[in-house]
Amino acid sequence: QMMAGCFKTLFWSCLLLLLVMTIWAVVAVELINPCIQDLDRAGAWADCPRCRRSFSSVFMANLTFFQTVVAGDSWGMIAV
């Protein structure tokens with residue numbers, strides 16, 4: 001019974017994390033992506049193929065946030 005309670009809490013916390021990150025991903029696509037595209041046209045990331053698409057869609061923004069927040073990957077080249 002205790003393990004079931006732990007898994008239930010873990011499930012709801014992961015679902016809440018996904019929901020919050022998706023909301024911020026939508027905001028990032030609307031607000032950050034135009035700046036990223038302008039920087040890409042200016043040649044800011046000539047050697048980084050993923051940087052120009054890091055906020056191009058909600059899925060890509062969610063993946064970027066997941067890599068940064070959950071996995072602990074640094075902002076690296078996409079820090080604006």
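1. The side chains of arginine 41 and aspartate 38 form a salt bridge, with 2.6 Å from N to O; the term requires a side-chain nitrogen of Lys or Arg within 4 Å of a carboxyl oxygen of Asp or Glu. The structure, which is a predicted model, holds one salt bridge.

2. Both arginine 41 and aspartate 38 belong to helix 2 (residues 33-41), where they are three residues apart, about one turn of the helix. Helices here are DSSP runs (H or I, at least four residues), numbered from the N terminus. Arginine 41 is exposed, at a relative accessible area of 62%, whereas aspartate 38 is partly exposed, at 45% (buried is under 20%, exposed over 50%, partly exposed in between, with a 1.4 Å probe and protein chains only).

3. Helix 1 (residues 2-31) packs against helix 3 (residues 58-70) at an angle of about 120°, and their axes are 8 Å apart; axes are lines fitted to C-alpha atoms over the stretch in contact, with angles running from 0 to 180 degrees between N-to-C directions. Helix 1 and helix 3 are therefore oblique to each other, since angles under 35 degrees count as roughly parallel, over 145 as roughly antiparallel, 65 to 115 as roughly perpendicular and the rest as oblique.

4. On the basis of the model, residues are numbered from 1 along each chain as its sequence is written, and side-chain values use heavy atoms, without hydrogens and water. Because this is a predicted model, local features need pLDDT of at least 70 and side-chain atom pairs count only at pLDDT 80 or more, while totals for chains, interfaces and linings use all residues.

Notes: Helix = DSSP H or I, 4+ residues; strand = E, 2+ residues; numbered from the N terminus.
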